[in-house]
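Work through the exercises below with the sequence and the model side by side, and try each task before reading its solution.

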Amino acid sequence: MRGLIGRFETRLVLTTLMVIVVVLGIIGLLVVRPLEAAGVISIRRVAVYAVVGLLGVALLLSLWMGRRWSRHVTTMVAAAHQMASGDLERRIPIPTERELGTLARALNSMAENLQEKLTDLGAEQARSAGILESMAEGLIAVDQLGRIELMNASARRIFRLALDAVEGRHLVEVIRHPDVMALMRECRDCAKGVVCRREFALKSPPIAVMVEAVALRRSAEGSGTLMVVHDVTELRRLERVRQEFIANASHELRTPLTAIRGYVETLLEGSVDEPARARPFLEVIARHAERMSRLVDDLMDLSNIETGRLQLDRQPVSLRQMGEQVVALHRDVASKKGIDLQLEVPPDLPAVLADRDRLQQILINLVDNAMKFTAAGRVSLSANKASSTRVEVTVADTGTGIPSIDLPRITERFYRVDRGRAREQGGTGLGLSIVKHLVHAHGGELNIESELGRGTRATFTLPIAS
């Protein structure tokens with residue numbers, strides 16, 4: 001650029017000199033020719049002085065103009081270098097010369113446009129990165145050589161990877177699982193747009209993973225792979241619960257139906273004509289029919305609660321009065337089994353905001369369940385003020401207790417610790433599940449603590465009525 005400026009200055013000086021010489025030559029021809037020979041010498045002397053003076057002035061003028069242009073051009077060149085290096089905030093002062101002013105304005109406009117484009121590009125990249133990082137599914141992009149180009153936070157969480165940069169590393173170095181590598185090889189052999197799927201389990205942590213992969217055709221040399229990772233652990237658990245529910249419900253219904261069918265066939269074979277023999281059969285049929293009716297009622301209640309069709313009629317309820325009613329219902333059974341049934345609710349306890357019938361159902365289920373598994377022990381129904389806005393209700397017993405391995409699943413539908421004994425005592429296996437959902441519908445939490453051989457303690461909270 002400096003050489004270009006130097007050549008510009010030289011050409012400017014030579015052009016000026018040539019113009020001056022031509023002008024002076026024309027003037028000399030016009031002026032000197034008519035003069036006498038005697039005055040030619042003096043005129044030539046004056047002309048020489050004039051030419052020398054004009055040459056000097058022209059030289060100084062050309063040097064001044066060249067320096068001025070060169071300073072503007074040098075400033076523009078420096079600014080252009082700074083813009084190219086990323087300093088798009090730099091702006092060039094606009095010279096008074098028209099050509100240089102046009103060039104300076106063009107460079108400033110280019111810098112502004114580039115800055116706007118880079119700002120938009122940065123915002124778009126930030127939005128894309130935010131979307132990828134907030135996805136619940138894991139996303140992994142791999143090039144044709146098997147190197148990781150992109151891995152979002154969900155993929156790192158599912159595969160339990162550190163937050164260190166994994167981009168550029170080979171997939172087999174980061175995720176050491178044979179099913180992932182087999183899926184990537186299978187996906188590369190598939191046609192464009194075909195989605196390959198594979199489900200497998202991770203041992204640490206023990207979760208179920210579904211991976212979907214599609215080939216990314218980029219060039220003739222090869223293609224990359226885009227994999228979407230789904231954590232399907234909860235989905236598989238729900239499917240297992242559904243299957244268990246269908247099996248348990250079928251079993252619970254089949255048992256009384258088989259008994260009813262057997263006794264009906266016996267009656268039809270001739271026992272119906274003998275009242276002394278028929279009455280015990282009819283009593284058994286009635287008992288199993290009642291059990292089926294309770295099971296269907298519990299299933300309907302549980303379905304209404306889970307689907308949100310149950311409407312709670314909340315109003316102030318006295319736990320003291322409610323507790324007295326529940327204890328009175330169980331007093332005769334408790335005395336027959338030798339159980340000390342106690343009510344420990346302070347008379348001045350504030351009323352709670354609850355549905356009266358559903359609260360009674362919660363307490364009856366908990367007390368009835370405690371008495372079933374307590375022989376000649378103690379069962380207590382107590383309530384205390386837990387905070388300024390909530391009351392804590394507790395049903396405790398000194399019965400057989402629940403093993404720690406069964407405690408996390410005790411509120412599942414049809415789950416029983418001792419299936420044979422619970423079925424003999426007339427339970428449907430849905431009581432605690434209904435209690436849990438009813439407590440949640442009231443805005444509380446059910447907590448069950450138990451120790452094998454020492455008893456069980458069920459606690460839940462209710463809001464205080466204002």
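Predicted model: local features only at pLDDT ≥ 70, side-chain atom pairs only at ≥ 80, totals over all residues.

Residues are numbered from 1 along each chain as its sequence is written, and side-chain values use heavy atoms, with hydrogens and water left out.

**Exercise 1. Determine the strand order of the five-stranded open sheet, and state which strands stand at its edges.**

Step 1. Helices (H or I, at least four residues) and strands (E, at least two) are DSSP runs numbered from the N terminus, and two strands pair if DSSP finds at least two bridges between them.

Step 2. Under these criteria the order is β2-β1-β5-β4-β3, with antiparallel pairing.

Step 3. β2 (148-151) and β3 each have a single partner strand and stand at the edges, so one side of each is left without a neighbour in the sheet.

Step 4. Neighbouring strands of this sheet are turned by 20° against each other on average, direction ignored; axes here are lines fitted to C-alpha atoms, for helices over the stretch in contact, and angles run from 0 to 180 degrees between N-to-C directions.

**Exercise 2. Characterise the packing of α8 against α12 by angle, distance and handedness.**

Step 1. Helix α8 (residues 275-306) packs against helix α12 (residues 431-441) at an angle of about 30°, and their axes are 10 Å apart.

Step 2. That makes α8 roughly parallel to α12, since angles under 35 degrees count as roughly parallel, over 145 as roughly antiparallel, 65 to 115 as roughly perpendicular and the rest as oblique.

Step 3. The crossing of α8 and α12 is left-handed, a label given if the near helix is turned anticlockwise from the far one by less than a right angle, and right-handed if clockwise.

Step 4. From α8, Asp298, Asp301, Leu302, Ile305 and Glu306 meet Ser433, Ile434, His437 and Leu438 of α12.

**Exercise 3. Is threonine 459 buried or exposed, and which residues is it in contact with?**

Step 1. Threonine 459 is found in strand β12 (residues 455-463).

Step 2. Its relative accessibility is 11%, and threonine 459 therefore counts as buried (buried means under 20% relative accessible area, exposed over 50%, partly exposed in between, with a 1.4 Å probe and protein chains only).

Step 3. Leaving aside neighbours within four places in sequence, threonine 459 is in contact with Glu392, Val393, Thr394, Glu445, Leu446 and Asn447.

**Exercise 4. Where do arginine 160 and alanine 376 lie?**

Step 1. Arginine 160, in the loop between α4 (153-158) and α5 (171-174), has a positive phi of about 55° although it is not a glycine.

Step 2. Alanine 376, in the loop between α10 (356-372) and β9 (378-385), has a positive phi of about 50° and is likewise not a glycine.

Methods
Contact = heavy atoms within 4.5 Å.
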